[in-house]
Amino acid sequence: MRELSARVKTMTSSPTLKLVQIKKQLQSQGKVILDFGAGEPDFPTPQNIKDAGIEAIHGDFTKYTPTSGIAELKKAIRSSYEAEQGYAASDSQVIVSPGSKYGLFLALQAVVDPGDEVIVPLPYWVSYPEMVKFCGGRVVYADHTRPERLFELTASSYIAPCTSRTKAVIVNSPSNPTGKVMAGEELAELIDFFQRKNILVLVDDCYRKIVYSDVAYPSPLTRVPAAVEHVAVVSSLSKTYAMTGWRLGYTIACESLAAAMTKIQEHSTSNPCSISQKAAVEALSGDQAAVRAMVEEYRRRRDYFAGRIDRIGRIPYALPDGAFYFFADFSHFIKEKRFQDDNQLAMDILEKLNIILVPGSAFGAVNHLRISYATSMEVIREGLDRLEAYLRHGG
Ligand SMILES: Cc1ncc(COP(=O)(O)O)c(C=O)c1O
């Protein structure tokens, strides 16, 4: 085998996807694993969406489509985005991709040159730093880890590390792993600052529709009207509609960025799956009752979780505003059990309790654990019973 490229050698594999493998391995040994590591809804894709996919297959809608997505889907994206977020995009501003992960990858590939800096939130979703490095860019962090701020997403955390080499910033709201939502005024301040410097603000809002507050999710594209050229919103159907395996995401950006991203997609993946595109039309324009029901269930689980974590005590956390993760500080127990760090604690919990939790180090925040509540109430109850006994009595 020839030597691999320097680019790929700097890349690490996804720690969260690695956990999926570990789980499968343990299950094949007959163990029953309680999985709080999942980054995907535990619900099935709603029936009307599945039916639209089946209809697409029966109707032979199984060939190449335009690279950036079929007109019918772009229309559904534009209409639903305008109704929800108040921004009317044109067709040429929309690019549909196989998952928002690829949308983010395309946007970064389109703007980042070797040596450019990209500001990434800390704690971060595991793929951001790897994607930036893959472009030859330098990762710079917007630090949201100060304990007294409870992971609050602020404009000042992004503005502080900005330099003349900054090319783009990534905002993730609601955040994975913390579930925090950036407030409208903070988002406006951030966009206003960076648009003046000609820096792209890339907003990953793939959990946008999974929020628990009654306050409307702030729209990045209308907050600062003069900034439209400098803002790109990357969205996903994966989480909202429990469609992770269908691989469907979309980006709304200025025409030149959308065209550049389309060019890269043209020569890499081509169009996203034709069947998934038809299913996505139904997801966005059909009945939204299933989404409301899923969000309500996530809220019920979040509240239950919070009550139980409070009862255990000495686990500081920020109540999630959205998404389906708790990001909690286990420093007290790591110290008490004389572990080195969160990795050791997570491994001990896995070995002794058969429970998967994701170490915070994977997101750049040591001594934390990410606990996903995208799993059934029965699993949550059982898992918390075991965890409580382990933490209280040394497991
Ligand atoms: C913050 C964040 N962005 C993007 C993605 C990618 O989602 P998808 O590619 O399925 O749209 C994920 C998935 O876990 C995520 O958590």
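## Domains

Domain bounds here come from an automatic or database domain assignment. For this chain the assignment gives domain 1 (6-44 + 289-393) and domain 2 (49-285). The structure is a predicted model, in which local features need pLDDT of at least 70, side-chain atom pairs count only at pLDDT 80 or more, and totals for chains, interfaces and linings use all residues. Residues are numbered from 1 along each chain as its sequence is written.

## Where the domains meet

Taken over C-alpha atoms, the centres of domain 1 and domain 2 are 25 Å apart. Contact means that the C-beta atoms of two residues, placed from the backbone, lie within 7 Å. In these terms, 31 residues of domain 1 are in contact with 30 residues of domain 2. On the side of domain 1 that touches domain 2, α2 (15-28), α12 (289-312) and β9 (325-329) each supply at least two residues, and α12 gives the most, with 6 residues. Helices (H or I, at least four residues) and strands (E, at least two) are DSSP runs, numbered from the N terminus.

A318 lies in the loop between α12 and β9. Leaving out residues up to four places away in sequence, A318 touches L150, F151, T178 and K180. A residue is buried if 20 or more other C-beta atoms lie within 10 Å of its own, exposed if 12 or fewer, and partly exposed in between, with C-beta atoms placed from the backbone. A318 has 18 other C-beta atoms within 10 Å and is therefore partly exposed.

## The largest nonpolar core

A nonpolar core is a set of buried Ala, Val, Leu, Ile, Met, Phe, Trp, Tyr and Cys residues joined through C-beta atoms within 7 Å. The largest one has 119 residues, of which A107, L108, V169 and L202 touch the most other members. Helix α5 (residues 100-111) gives the most to this core, with 8 residues. Each of domain 1 and domain 2 contributes at least three residues to this core.

Apart from neighbours within four places in sequence, L202 is in contact with L104, A107, A168, V169, I170, A232 and V234.

## Helix α10

Helix α10 (residues 255-266) has 12 residues, which should span 16 Å at 1.5 Å a residue; the expected span is 1.5 Å times one less than the number of residues. The end C-alpha atoms of α10 are 16 Å apart, which agrees.

The buried residues of α10 are L257, A258, M261, T262 and Q265. Seen down the axis of α10, these buried residues fall within an arc of 140°, so they line one face of the helix; the arc is that of the directions from the helix axis to the C-beta atoms. Their cover includes β2 (94-97), α5, β7 (231-236) and β8 (249-252).
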